[in-house]
Amino acid sequence: MVVIDLKGKSDIADYMVIASGQSSRQVATMADKLVEVAKTHGVKGVTPEGREQSDWVLFDAGDVIIHLFRPEVRVFYNLEKMWNAELPDASEPATV
């Protein structure tokens with residue numbers, strides 16, 4: 001998972017979160033859980049785009065944009081490079 005600080009770089013949001021699931025099923029489950037968490041926290045209007053295929057699911061939550069990818073789709077679009085984000089060390093455990 002990568003969190004990109006967009007403040008001063010873009011007016012679309014303050015942060016972008018990019019994460020991967022290992023399969024379309026896992027990405028769909030992650031998307032469903034995000035919708036549940038957003039509703040629990042009173043975030044309104046968060047509707048995932050791309051949930052049907054779950055290759056790339058996008059959430060626009062106002063100040064935060066969340067991208068969920070299958071690994072090969074994430075590599076293809078390479079959003080981290082576009083935003084010059086530092087990638088986490090693959091040998092380190094993921095932190096949230």
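Predicted model: local features only at pLDDT ≥ 70, side-chain atom pairs only at ≥ 80, totals over all residues.
I'm calling a residue buried when its relative accessible area is under 20%, exposed when over 50%, and partly exposed in between. By that cut-off E80 is buried, because its relative accessible area is 4%.

**Entry: salt bridges overall**
I searched the whole structure for salt bridges and got 5. I then looked at some of them one by one.

**Entry: R74 and E80**
E80 pairs with R74 through their side chains, at 2.4 Å from N to O. I checked R74 for burial too, and at 15% relative accessible area R74 is buried.

**Entry: R70 and D55**
Where do the two sit? I found R70 in the loop between β4 (64–69) and α2 (71–77), and D55 in the loop between α1 (24–40) and β3 (56–60). They are 15 residues apart in sequence, so this pair ties together separate parts of the chain. Buried or exposed? R70 comes out buried, with a relative accessible area of 17%. D55 is partly exposed at 24%.

**Entry: R70 and E72**
I also have R70 in a salt bridge with E72, where the closest N and O atoms are 1.8 Å apart. E72 is partly exposed, and I noted its relative accessible area as 46%.

**Entry: the network**
Which residues do shared partners join? Going back over the salt bridges, I get D55, R70 and E72 in one network.

Key. Residues numbered from 1 in each chain as written. Heavy atoms only, no water. Salt bridge = Lys/Arg side-chain N within 4 Å of Asp/Glu carboxyl O. Helix = DSSP H or I, 4+ residues; strand = E, 2+ residues; numbered from the N terminus. Buried < 20%, exposed > 50% of the residue type's maximum accessible area, 1.4 Å probe, protein only.
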